[in-house]
Amino acid sequence: MLKMIDLPYPLNSLEPYYSKETLDLHYNILYKGYVDNTNQTQEKLKKARDTGDFSNIKCLEKNLSFFGSGAILHELFFLNMGIPIPTEPSIKLMQQIVKDFGNYEKFKNQFTEASKAVEASGWCLLVWVPKWSKLEILQCEKHQNLTLWGCKPLLVLDMWEHSYYLQYHTNRADYISAFWNIINWNEVNKRFT
Ligand SMILES: [Fe+2]
């Protein structure tokens, strides 16, 4: 069961930059909704596994991404804000910012402009890309794109047509069933470890 994080500061402590009313609504109503709905979705997924009734699977997986990513991003957001006393990136983080963006001002400009340009509802994120050992700035429309932010892929199956059409044509089920014969669990185990 996912639990709401406690706010490490009182509701009025971000003022005047972020009002008590705004934070109250954001944390107690909206964020709570994401956490509650993630828990409900996980319950429904358990029920589907137990009964073998996966007729609603597409909707459930979408809800898991939407509510789960909503919960995760709001936690990061609330925790990466704090009472308005100056703090700054550590020496190590600043070195990385300078390496990847040129300097702090250039990083701040890109983050600001990328935030302004987020289409409709979404997020702007400074992220660490482990594969590239590099910082990047990403926009995220809505907040899920059918993933959970911060998750680590363990076992992946390519469902693009190019991966099966030549051999299986439109028969996705046969392709998926064949896939179970050629999984290298040693590699998956390694990733999990
Ligand atoms: Fe929000």
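## Terms and basis of the model

Axes are lines fitted to C-alpha atoms, for helices over the stretch in contact, and the angles between them run from 0 to 180 degrees between N-to-C directions. Two packed helices are described by the angle between their axes and the distance between the axes. The helices named in this report (H or I, at least four residues) and the strands (E, at least two) are DSSP runs, numbered from the N terminus.

The structure is a predicted model, in which local features need pLDDT of at least 70 and side-chain atom pairs count only at pLDDT 80 or more, while totals for chains, interfaces and linings use all residues. Residues are numbered from 1 along each chain as its sequence is written.

## Division into domains

The chain is divided into domain 1 (1-86), domain 2 (88-143) and domain 3 (152-193); these bounds come from an automatic or database domain assignment. Taken over C-alpha atoms, the centres of domain 1 and domain 3 are 31 Å apart.

Two residue pairs give further distances along this chain. F78 and N184 are 106 residues apart in sequence, and their C-alpha atoms are separated by 40 Å. Y165 and I5 are 160 residues apart in sequence, with 46 Å between their C-alpha atoms.

## The largest nonpolar core

A nonpolar core is a set of buried Ala, Val, Leu, Ile, Met, Phe, Trp, Tyr and Cys residues joined through C-beta atoms within 7 Å. A residue is buried if 20 or more other C-beta atoms lie within 10 Å of its own, exposed if 12 or fewer, and partly exposed in between, with C-beta atoms placed from the backbone. The largest such core has seven residues: Y31, Y34, V35, L64, F66, F67 and A71. Helices α1 (20-51) and α2 (57-79) each supply at least two residues of this core, and α2 gives the most, with four. In soluble globular proteins, nonpolar side chains tend to be buried together.

Leaving aside residues up to four places away in sequence, A71 touches L2, Y34, V35 and T38.

## Other residues of helix α2

F78 is also found in helix α2. This residue counts as buried because it has 20 C-beta neighbours inside 10 Å. Its contacts, not counting residues up to four places away in sequence, are I5, L7 and Y27.

The C-alpha atoms of I57 and L45 are separated by 7.9 Å, and the two residues are 12 residues apart along the chain.

## The helix pair α3 and α4

Helix α3 (residues 91-101) and helix α4 (residues 104-116) have axes that come within 8 Å and cross at roughly 70 degrees. Therefore α3 is roughly perpendicular to α4. Angles under 35 degrees count as roughly parallel, over 145 as roughly antiparallel, 65 to 115 as roughly perpendicular and the rest as oblique. From α3, residues M94, I97 and F101 meet Y104, K106, F107 and Q110 in α4.

## The strand pair β1 and β2

Two strands pair if DSSP finds at least two bridges between them. Strand β1 (residues 122-129) pairs with strand β2 (residues 134-141) in the antiparallel sense, over eight bridges. The bridge partner of G122 is E141 in β2, and W123 stands opposite C140 in β2.

The hairpin of β1 and β2 has four residues between the strands. S133 lies in this loop, and its phi is near 45 degrees, a positive value in a residue other than glycine. S133 counts as exposed because it has 10 C-beta neighbours inside 10 Å.

## Further backbone features

A cis peptide bond joins E15 and P16, with omega about 5 degrees. P16 lies in the segment before α1.

H169 is found in the loop between α5 (165-168) and α6 (172-179). Phi of H169 is near 50 degrees, a positive value in a residue other than glycine. H169 is exposed, because 11 other C-beta atoms lie within 10 Å. Y165 has its place in helix α5 and counts as partly exposed, with 13 C-beta neighbours inside 10 Å.

Notes. Two residues are in contact if their C-beta atoms, placed from the backbone, lie within 7 Å.
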